[in-house]
Amino acid sequence: MMYATGLLISLTAGSVIAGCDTSDVQFDGGGDDSLAIQAEIERLHRAGGGHLRLAAGKVYRCRSAPIVLEAVTLDLNGSTLELILTNTNDQGVRLRSRATLCNGVIRVVSRGKPSLQAGVHAPVCIGPLYGEGGKPNQVSADEGVTGWVVRDLTLSSDKNVMTPAGAVGAVAIQVTGGATHGLIERITVPNSETLSGGVHLDWGTLGPIVSAEDPVGLETNRRVFRAGQGHTTHPRQIIIRDITIGRLTGGKGGADGGADAIRLSGCQNVTVSRVRAAATSGVFLRHTAGDLGLEFAPVSMGRTLSGNRFTNCAVDDCLDGRLFVSDSYGDNLARGVARGYRASSTPLLPTDVLFENITGAGNDNSVGGLFVQQNGGGAVNCHASHFSTGFMCDADVEGVTLTRCVAHDNRDAGFWVEHVAHPPRNCRLIGAMAMNNGAGQRNGANIIVGASQGTIIDGGVIGSLRPTDTARYGIWIKERRDGCIDATITGNPIIRSHASGGAAIRVSSRDGWGALRLFTGARYGTSVKQRWAGLSIVPIAIDSVGHRTYAVLDAASPPHDFPRRAGDIFRPGTM
């Protein structure tokens, strides 16, 4: 195999390099192959690039990891790189622009006292460690690499740093800063009790930008940014696909409290597909804006977390963790704003992040798919079971849409839209499939809409065919006094059943006035014994200027201030 201007070199363990003068490069005989491998990489780089292929089936022991330089391919050819790393900030194999790393095993043997950064003692790193990116006019050689490829590798690290919160490990592949146009594919991460994750992408910095959350620190960042002396850097235009992960049960002492299979922090246009994990102790798939959002990002990035996608991914067991968590919230920036910093951009960034065909099961201790502090985005055809709640829109969520998602056998609810202090707004549940959720719970429901504004339930199939296997209520719209405002039930959802003593739809008491904006009808299964509970007068139409038409339900008598009979349809002021 030849690259356009490159060379093909084979490297045989314990011998000279084929094709080179025997005096040029030899292994040192002391169990460290670092110098020989790096020397050949550098020689190929000087020649304009090329392909370095190691001998098949060998074990190469390195006390410093190779740096794959520009336009060079390091082909392990079925061999193993055992990286014995001992220094505080040692990294694994690093890639520069247009470099490729492929076809083998990389195993980190971690010794000494490594730092807590995820990229320290990690098998593969793209980008600098946090704070080591350099300055805008003096950029680190590791910063901003482009056109790189990592493929067909099995990766592990036994880094295990004890903290008061628990142990912290490395991740299998760490991408930091402004890395672009990269490809990570066909990666295997075996079972690990120490790793903190699989593939993690995180924002970085150039110049003296810091993760401040106080107005003084943020104003210092702003002066640096406006003077062109520093900015944040963000991974973008990266493809991650065909990742196989075993049981990741470590990382409990890390910032996220467990091992995340995939993490995107402050990224744009990253696509993640076909990830399969046996188990994760943290979050299977995590999407976040990072501490500072895009407040100090280059102008060319705009002010939105756009183009991030997770598709066709599955985890067998989320343990005590979650299926996915997504936010678009610069939390440090928000805390600074609360203390008086006047931000140039909103801490709650717009996003179109999409989770599609994501499947997993939990064990009743946490929410499956969680949206929190997010503006936009959503989920399509996702499947969550055996969590406390299947899917939830939580604090400060704006305009999130869940389409044809399936939640079954969750302890409290299938879908839940609520936060008392910071109600979610304008969320939509389209075609929700909510079965066997909340069974046996006093106030369980397949769908719960609590403190929120403008939630829409559009169609769907709700409840089990067997009333004993499902919740007391199919849909529960909480009271206005609880903060529920202008919920809508439309699209004729099918409510198949409810448990004994409940109802297909509960809209709680006269305090529910204003909680329900509109109800355009539903279809009921033969197991439904009570269609409505609570509210007895329901808004069934609304015109272009907001005037509503109401119906008096058959199931209850109207209150005294609405002297109408069951079945009456009217508009207020016309009685």
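Is Phe519 buried or exposed, and what is its relative accessible area? Phe519 is buried, at a relative accessible area of 9%. Buried stands for under 20% relative accessible area, exposed for over 50%, and partly exposed for values in between (1.4 Å probe, protein chains only).

This is a predicted model: local features need pLDDT of at least 70, side-chain atom pairs count only at pLDDT 80 or more, and totals for chains, interfaces and linings use all residues. Residues are numbered from 1 along each chain as its sequence is written, and side-chain values use heavy atoms, without hydrogens and water.

**View 1. Phe324 and Phe355 form a stacked aromatic pair.** The structure holds ten aromatic pairs. Rings of Phe, Tyr and Trp (its six-membered ring) pair if their centres lie within 6.5 Å; planes under 30 degrees apart are stacked, over 60 edge-to-face, the rest tilted. Here the centres are 4.2 Å apart, with 10° between the planes. Phe324 lies in strand β25 (residues 322-326) and Phe355 in strand β26 (residues 354-361), 31 residues apart. Strands (E, at least two residues) are DSSP runs, numbered from the N terminus. Both Phe324 and Phe355 are buried.

View 2. Phe519 is in strand β45 (residues 516-519) and Trp532 in strand β47 (residues 532-534), so the pair ties together parts 13 residues apart in sequence. Trp532 is buried, at 6% relative accessibility.

**View 3. Ring pairs build a cluster.** Its members are Phe310, Phe324, Phe355, Phe371, Phe391 and Phe415.

**View 4. The charged end of Lys478 sits over the ring of Trp476.** The distance to the ring centre is 5.0 Å. The criterion is NZ of Lys or CZ of Arg within 6 Å of the ring centre and within 35 degrees of the ring normal.

How values were computed. Helix = DSSP H or I, 4+ residues; strand = E, 2+ residues; numbered from the N terminus.
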